[in-house]
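This report walks through a few features of the structure shown below, moving from a pair of helices to a sheet and then to charged pairs.

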Amino acid sequence: MSEKFYITTAIAYTSRKPHIGNSYEIVLTDAIARYKRLQGKDVFFLTGTDEHGQKIEEYAKNAGVTPKEYVDKVAGEIRNICDILGTSYDKFIRTTDDYHEKAVQKIFKKLYDQGDIYKGEYEGMYCTPCESFWTESQLVDGKCPDCGREVKPAKEEAYFLRLSKYQKQLEKFIEENENFIYPEARKKEMLNNFIKPGLQDLCVSRTSFKWGIPVTFDEGHVIYVWIDALSNYITALGYDPENPSDMYKKYWPADVHIIGKDIVRFHTIYWPIMLMALGEPLPKQVFGHPWLLFGEDKMSKSRGNVIYADDLVNLLGVDAVRYYLLSEMPYASDGSISYETIIERFNSDLANTIGNLVNRTIAMLNKYFDGVIQAPVAQEEIDDELMGFAVDTVDKVEECFKTYRVADAIEAVLNLAKRSNKYIDETMPWALAKDEEKRERLGTVLYNLLESIRFIAVLLSPFMPSTSEKIFAQLNTDIKEYESLSAFGALIDGVKVGEAEALFKRIDAEKMLAEIAAKNEAEAEAEKEEETEEIPEISIDDFFKSDLRVAKILECEKIKKSNKLLKLQLDDGSGKPRQIVSGIAKWYKPEDLIGKKAIIVTNLKPVKLCGEISQGMLLSGEKNGEVAVTFVDLPVGAKIC
């Protein structure tokens, strides 16, 4: 009987379509799940969506639909992206699923009946986006300590979970189970910053909104996000406080929860205490991964730096996107993504290193031996290093996966491809082919390369499953088992390989970046047009939120990647340099603007356009497709009011 391995992602919140930073987690978890299956484990891989809460209720209201209609649409988009990225989840749970809602109600009632949940009143500062209450002392600069947004005073009747009752028990568990929270830095943060200073009881019901699972014994209360969302890890397995399913008994406790570093607290404090109160085993490990940033910034639609997984897949293919996500993310610090680095890694790692290795090896075998794999009967000392390197790579990958160092694991596979390319340069098959007496040696060299490529294909399968299958097809082999990597030489001679086909075609970086810039520009223009179709009324207070100032244009130049954008350096009287990117290149040349004074909006959130930061907006007028900048003869820094 295979050893079980239960792995989960955090369930995605159905507020909007996830960007590529959100998608990193599902690909990371999928790679781990696939690797464990490759090792022969009985894997159960869970993902899904978190669909209740005040924020969803508000989004639905603004969209003019019911909350259920809203979450159905977004949950469909989230699942579609999971499928586009080739993830092999075994179950996709939605917290609006009937079985989940019923199980959560039973969990809540059980905790209430045994005194672990009690009724009280909550008064504090509430952050709607995070759905969290905070005390005044917990705020940072008067704002939410998690997301930095505005908070509002709130007071309402609520039920509370007695976190304080289980504090010492949780502290003891974490200290005795050194691998429960991973990496180590997250463990220290939880213990020193949250647990040891003292846990406050947790609000677990709300009355100020309706979109949630009703408390069965108190009308008007809905079960708050933590008990609802966190319970998915057991309700998906058929957990019932009165009669747990066989599936639950088989797979629980989870071997690892893969989550973002921003929600470690909920998974290592709230969730374990809920399980302790229920009398259930705790998960074996919680792994908090870092974030994937756009350049150096966290992705956000308001910043204009969002990349979506489906757009990237359309550009580069599924496996190239998976490769970049998995290889570019450091173990404990945030990773970075940009179109420039994606293309660079595609060309260097995939096209040049892996793709070129497979292509030229298969091509040489077809050229010199009509595609038939030769027996390795003429081994030399130089071959031992390649063979040893291949076998050692298996051990390195296995060691990396023990601590979820997935980027290091994929680097080890890439290094085997690099070593194989070096082996080609060392043995020079094209030179051997000129000497008939060295035909057996040539056949041996090509056999070693093909076997090394087979190692690469097996080890790549968790990361790039489609590419792995393409390599196997070119090798014409079904020897794909993990056990076949225990020794070098499992590839069968006498078999005829397929035709050499390029796995990855090099990208013309300049051309693709120009196409991306044009597409983004067109989408921005379309959004701008949509926004201007209906002019909403605003109050005088809203108008005065805009800070309009006179600024002098000191420098101006065209942006190479765009036909529409100009980059301006301005003096706004603040003593600090200000850069604005404006889409007026069609109507103005840089030299027409330098030295002029114009009105700018200074307090807009900075956005990135074609790789350049824009810190405000240049006021202009438009009619019948013609645009004119508003020039003025006022002192620099003058406030427009």
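How are α1 and α12 oriented to each other, roughly parallel or roughly perpendicular? In this predicted model, the axes of helix α1 (residues 20-38) and helix α12 (residues 318-328) come within 9 Å and cross at roughly 90 degrees. Because angles of 65 to 115 degrees count as roughly perpendicular, α1 and α12 are roughly perpendicular to each other. On the α1 side the contact includes Tyr24, Leu28 and Asp30, and on the α12 side Val321, Arg322, Leu325 and Leu326. By class, the contact of α1 with α12 has eight nonpolar, no polar and three charged residues.

Arg322 forms a salt bridge with Asp30, and both residues are buried. The table lists this pair with two others.

| Salt bridge | Closest N and O atoms |
|---|---|
| Arg322 with Asp30 | 2.7 Å |
| Lys143 with Glu150 | 3.6 Å |
| Lys172 with Glu176 | 2.9 Å |

Lys172 and Glu176 are four residues apart in helix α5 (residues 167-176), so about one helical turn separates them. The count comes to 40 salt bridges, and Glu51, Lys68, Asp72 and Arg94 are linked in a network of them.

Turning to the sheet, four strands form an open arrangement in the order β6-β5-β7-β9, with antiparallel pairing. Its edge strands are β6 (132-134) and β9 (202-203), each pairing on one side only. Two bridges join β7 (residues 152-161) to β9, and Phe160 has Cys203 in β9 as its bridge partner.

Terms used
Residues are numbered from 1 along each chain as its sequence is written. This is a predicted model: local features need pLDDT of at least 70, side-chain atom pairs count only at pLDDT 80 or more; totals for chains, interfaces and linings use all residues. Side-chain values use heavy atoms; hydrogens and water are left out. Axes are lines fitted to C-alpha atoms, for helices over the stretch in contact, and angles run from 0 to 180 degrees between N-to-C directions. Angles under 35 degrees count as roughly parallel, over 145 as roughly antiparallel, 65 to 115 as roughly perpendicular and the rest as oblique. Contact means heavy atoms within 4.5 Å. Ala, Val, Leu, Ile, Met, Phe, Trp, Tyr, Cys and Pro count as nonpolar, Asp, Glu, Lys and Arg as charged, and the others, Gly among them, as polar. Two strands pair if DSSP finds at least two bridges between them. A salt bridge is a side-chain nitrogen of Lys or Arg within 4 Å of a carboxyl oxygen of Asp or Glu. Buried means under 20% relative accessible area, exposed over 50%, partly exposed in between (1.4 Å probe, protein chains only).
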